Structures are given as structure tokens and as C-alpha cells.
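Subject: Structure handover

Hello,

Here is the structure I said I would pass on. Please look at it first and then read the notes below.

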Amino acid sequence: MPRKLLTGNGAAAWGARLAEADYVPAFPITPQTEIIETLAKWIGKKEMAARMVNMDSEHSMITAAGSAAATGVRVFTATSSQGLLYGLEMLYTVAGWRAPFVLVNVSRGLAAPITMEPDHNDILAARDCGFLQIHCATCQEVVDSVLMAYRMAEHTDVRLPVIVNLDGFYLSFTREPVDLPDADKVREFLPAFDPHETKFRAGEPVSQAVAVLGGGPYSYFRYETHLAALKSLDVYKEVEDDFADLFGRRHGVLESYRAEDAEIVFVMMGSFATKAKEAVDRLRDSGEAIGLVRPRLLRPFPAEDLRQILCGKKGVAVIDQNLSVGMGGILYSEISAALYGRKDAPPIITSFIGGLGGRDIKPEEFYEMITTTKLAIFNKMTPPPRLLYTAQELREIRKLQGIAHVEKEDKANVKAEETKP
Amino acid sequence: MYRIRFHGRGGQGMKTAGRILGSAFFLEGFEVQDSPRYGAERRGAPLTSAVRAGRSPIYERGIILKPDLIVVADDTLVPVPAAGVLQGVEDRTAIIIDSDINEPEWHQRLQINSVIHTLPAPKDLDRAEMPYVGSLCAGAAARLTGVISRATLEQAVLEELHEFKESVIEENIERALNGFDLLADYEGTVIENTDPTALNYQPPQWIDLPNESVNLAGPAVHGGATSVEVRTGLWRTMRPIIELDHCNKCTWVCGSFCPDSAISVDPDGFPEIDYDHCKGCLICAAQCPPHAISVIPERDSIEKEEA
């Protein structure tokens, strides 16, 4: 099939269509809505044989998705940001049911204050719930990953729901050339969902995860979920090979870009990582041995694959498009934990927080992150985490505070001085 | 890589203009990325779209900081700071403005050395005309690149608008080809920029954010009526005008329906429109029982004021 220009949202919808999803519970939220609008249009025109139901909230939507998946049909759904968090209770619940389906999340920064643009605190709030997570950097990856996600989710050794994540605006509304997989080949890659013995039927009543259990049994079920997630790393590699054989594209658990012979490596997730690739090319042009590693899977965490690439490097610069308030970058701690105490672990791992609420990361900022990391390697001293934020941006916020009639602190101090006897 | 930025207002078809140009590049064999950028605003608010086209996969994303070409569909956006029309303009950047003001006048106003092309804005501009501005702009931009043929441009419009009725498609094709033909003398004058270099880069002015009191750092708006400072009247493309001769001083219909509370009643009982904040939604005009509210294009009202 010839390549065509598709938005990330369009690619996600094509993923659901090619996977021949049976059921789509839906609730609108920007910047995801285009996905369900596209599916609604296809279903209305009978180009796609699925049932779509508009729910009253994301909480109900995820409940419906999990319940339907438990009956053995293939389910697709999508949300963003506040919507994902509104359904968070049910993310844990349906993962606990071991109900396999695919949820596309279009990342958008969380309120308050409100933004429309992306960062990863929404998807990272779902980090520990039991959903597996695939993070995309291009529109091509979005459609491919939805198909791969079903294979992973429905595998009898896994049976866990999967979130496929793409960034709002930078992928959701951005068109790129996409090679749409051929429908027949997709059927070969992803046959109809066979739920085996685990299926709900109205005529054969069974109960799922309803009992109140003590800590011992609870631990068993919770840890079994964890073991299934770990096992999914092996399953993913099978799926990756099958996908590459059929479609000629390989999407690994991580993307390694010019990293093999690099001395310093950027680590970051999502669509902003293609900006880092651009910076790597420019730094290579100027003689610097720099590379990029982009984890595609966050859950399961590809710790061993990361160690294989990162051990032996002089330094690693981790860019977090998220902020764990009171701690710092979430990816930074996960990368550090994967490397600590290992043979040839990089002596310096620097931490940068950037792209919050879609804030751009400029080329010179990537170059400066390398300069900072080189200095840290030379000084044998890890610098404090750095928020990518400039003097000009602070001037902008001062202007906004002026408009909002915010009382300046120095003014308050002056008043205090004046009232002194 | 070509880096082209479109500026217009919500409703003027800038997203579609970007897509038409993106599709045209793609049909000519380029790698393409096109993306609109907007917030929570409505029709009339400033928005941009970006088109990148090159011979190898494109890794850049988001807003274009150093455009080769800036296309402005609505010349009233140029003085609006939030629209950022001139952001990153250099001597090599070409500019297309849909405007009745001539090129020397624009050079005089903007004090820049860039080549400026004006497209004649239709005199009788009204709401129904607005969507076609995008096709005109896309056609003009395509010609300046010199790598898109007339037939390809037509094909790109067809592909982008195939879901619309035939008359709409035909009208758009005509406008796009019109834009393409208008700039025939300047074919190929917009050239791809070279890749930026990491050598001798200007370091970013990063700062350590100070820890400030919650009085300052809590996202609260102190004091009332701060929205007065945000002159949303700049979004207006059409202006409602109350003809007092016909107003029956009912004193509530237009003002009650106004979603922005931009209509008040004066001591004599006549309604008054606050043009600093009227966004031109025209609900007042639709609701007025004695049909006392007429509508004129904003461009005409500015001319009237200047006269």
C-alpha cells in the first residue's frame, strides 16, 4: 500500500480498524477526540464492523472496555490527560481482572493550571496500575504499536491491557507519511482474539475478582500480574520479530540512535525524542560522539536492554517530560535504578526536566545539555537537576502576574520595612 | 528542508492551507510534516500551521522558529503580538500577505529587508469568503517553492477537500490556482535552508527558578475584571453595529444573549457594544427582534474609522 499522510490520531484510528476491534466505548476529550470521531465515521459508513457506545465518563468507559474484553471481544478505546485520571480507579481494576484490550492515550499536561499541550504526567500516573505501556515517537509507530499491543495483551502468558501513548499536538494533530499495513497481512499477524476458557457469558455466570481477600491471597494475585508483565518482555520480542518479518519494520523495546559508539547518550521518551535525534545528527556533524536511547516500553521496563547499551558510556543525560513533584524526573530515577551498582555503569547521569505542558525544547538546549554533562564528567560531580527554563520565560510570567494583579513579594517586603518603628 | 509557517484566524482555513501545501509537497516526492497549532480559542483567534518538507525523514517538530516563508492570510494579525507573525524573520525569509496595502508600505511599517508579496484581498470580503483564503495562500506558497507543479497543486486541493461538495472543491481549486498564477514571476525564489549547526551555538539563558511565596507562585488571578486586559475584540472578523433608529430599547435581548457580556445599556436605555471585547459571534444580530443590528466586515469598519 502506498504511503499516505496521516495524523497521529488518524494512525491510532487506523490501528483500531486494522485490528478489527469489535467494541469501542468512547468519551470525548481534546486532543484525543479525532480518534473516536474517525472511528464513528467509519462505523457509520459500515466501513468498520464495530459497535461504538458513548459513555457518561472515562470511569464508565474503562469499566465497559474491561467488561467487554472479559467476554472475549476485541476492545479499543482512547482518552487523554484528565480523562485517563478520571478513570484511574478502573485502570487498576480492569488490569486486576486480566482483561486484555488496547487504550490509546494522547498525552496532555494535567490541570491545574490547564494546558492543551503534552507532557507525560498523565500516562505516568498510570505507571503502576498493571497496564503495559508503549510510547510512540512517530505516526507510523502509532498504527504499528496498536497492532503489536493487541498481540501482547491477548497472549495467554500476558493477558493484560496495554496503553499506547502518543503526544498531543506533536503527534495527535501532526501529519507524517505513514505506510499503512496491508489488511490481509494484519489478519495473519493478528488473528481474531481467542480468549480460550476465560470469557464471561450471561448464560454461564462466573464471578471475576469480587471477593475481599486477606493480604496473602491479595499478594498472590498482585504479584502474578507483575510476573505476567515481566513475561510480556519476552512475548514482545516474539511479536517484534513477527511484525518485522511481515511488514519490514522493526520497533524494538527501545530505539537506539547512533548510540553504540557514543560517549554520551540522551535518554528520553515520546515524540520530542525525534528532536533529540536531530540534535544528535548536528552534534555528530561537529565531531561529538553523541547518541540517543528512547525506551518504547515503559512497562514492562526494559532494564536489561538499557543496561546493555548504557553501561560503558561516560555519561547519560536523561530528559524527563514529566515532574514528580517533590522528587524530580521519573525516568531519571528509573534509569538510575537500572544502572546502579552494575559493571561499567556510567559514572555520571544528569537530569533535565523539559517540555512540561508542551514547552518546546530548542536545538541549543540539547547542545547545552551535552556541555553540562561533559563538565560533570570532567569534574566527577553530578550537577543538580536542571529545569529547561530561560530568563525570557520568567519575564513572560512576570508580565502575566502583572495582568493578574499578583502582589509582588518585594512590594510586600517594602511595606514591612515601612511599618518598622 | 523547506520550513513554511501560515498565520491566520480560526475559520480562515489555515490548517487546511498547511495540509494542501503538505500534500502537494508529498505528491512531488518529498518527506512531509504538517501541523496546526492552536489553543482553546474559537473562530477568529490567531492560529498558525507549520509545513516542513525535505528529502530525508524529518526529525524537527512543533513550531517553526526560522521560517523560509511566512504566509499571512489576514493582515490585521501583523500588529497582534500574540500572533507572532514576524517571529524568527530574517532577510532571507519571504513573506506573503493577503492585503490591500502595497509592498512598499509594508516595508515601511515593518522595517524589515525580507521580500514581501501581497495578494489582493477581495474587497467584498465576508464570512462566506473566509475559507477560500487558505487555498489562495497555499497556491501562492506552492509557486514560490518552485518544486510544485500546477497539476500537483490541483490534485492536492482535491485530496484535502474530497469530502466537500463539488462546487466548494471547484471554488477552492480556482482560488489555489489563482494564488499560484499571481506569483509566477517569483517561482523558485523561496529556497530550502541548510541544516543548523551545533558549532558555536548560542547557549540558552537558563535560570534557576527562585522559590517564591504562594502569594506569587499560586496560579490565582487577584482582583476582579482582569479579563478586561485581554482584548478579545481582536478576534473579530465581522462587526455587529446597532442602528439606534431601529432599536426599540427592549434593553435585554441582545445583551442577555451576548456570551461575552460585551453589551451594556446606557442611561437612555440604548444598548452599547464594547468592541474591545466583542468577538463578533453575531448572536446579538441573530436575536434582535426588530432587526436593528447590522453586520459589516471588520476590514470595512477599520477603513470607515480611518476615514
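Two strands pair if DSSP finds at least two bridges between them. Helices (H or I, at least four residues) and strands (E, at least two) are DSSP runs, numbered from the N terminus.

This is a predicted model, in which local features need pLDDT of at least 70 and side-chain atom pairs count only at pLDDT 80 or more, while totals for chains, interfaces and linings use all residues. Residues are numbered from 1 along each chain as its sequence is written, chains are lettered from A and ligands numbered from 1 in the order in which they are written, and side-chain values use heavy atoms, with hydrogens and water left out.

Chain B first. Strand S4 (residues 69-72) of chain B pairs with S1(B) in the parallel sense, over 4 bridges; there, B:His7 has B:Val72 as its bridge partner. Is S1(B) (residues 2-9) mostly covered or mostly uncovered? It is mostly covered, as 8 of its 8 residues are buried (under 20% relative accessible area; exposed is over 50%, partly exposed in between; 1.4 Å probe, protein chains only). In a regular strand the side chains alternate between the two faces of the sheet. In S1(B) both faces are covered, with B:Tyr2 and B:Ile4 among the buried residues on one side and B:Arg3 and B:Arg5 among those on the other.

Next, chain A. An open sheet of 5 strands has the order S4-S5-S7-S6-S12 (chain A), with mixed pairing. Strands S4 (76-79) and S12 (297-299) of chain A each have a single partner strand, so one side of each has no neighbour in the sheet. S12(A) runs antiparallel to strand S6 (residues 132-135) of chain A, joined by 2 bridges, and A:Gln133 has A:Arg299 as its bridge partner in S12(A).

Last, salt bridges (a side-chain nitrogen of Lys or Arg within 4 Å of a carboxyl oxygen of Asp or Glu). The structure holds 52 of them over all chains. In one, the closest N and O atoms of A:Glu334 and A:Arg127 are 3.0 Å apart. These two residues lie 207 residues apart in the chain, A:Glu334 being in helix H12 (residues 330-339) of chain A. A:Glu334 counts as buried at 13% relative accessibility, whereas A:Arg127 is partly exposed at 23%. Another salt bridge joins A:Arg294 and A:Glu141 (2.7 Å, N to O), and both residues are buried.

Regards
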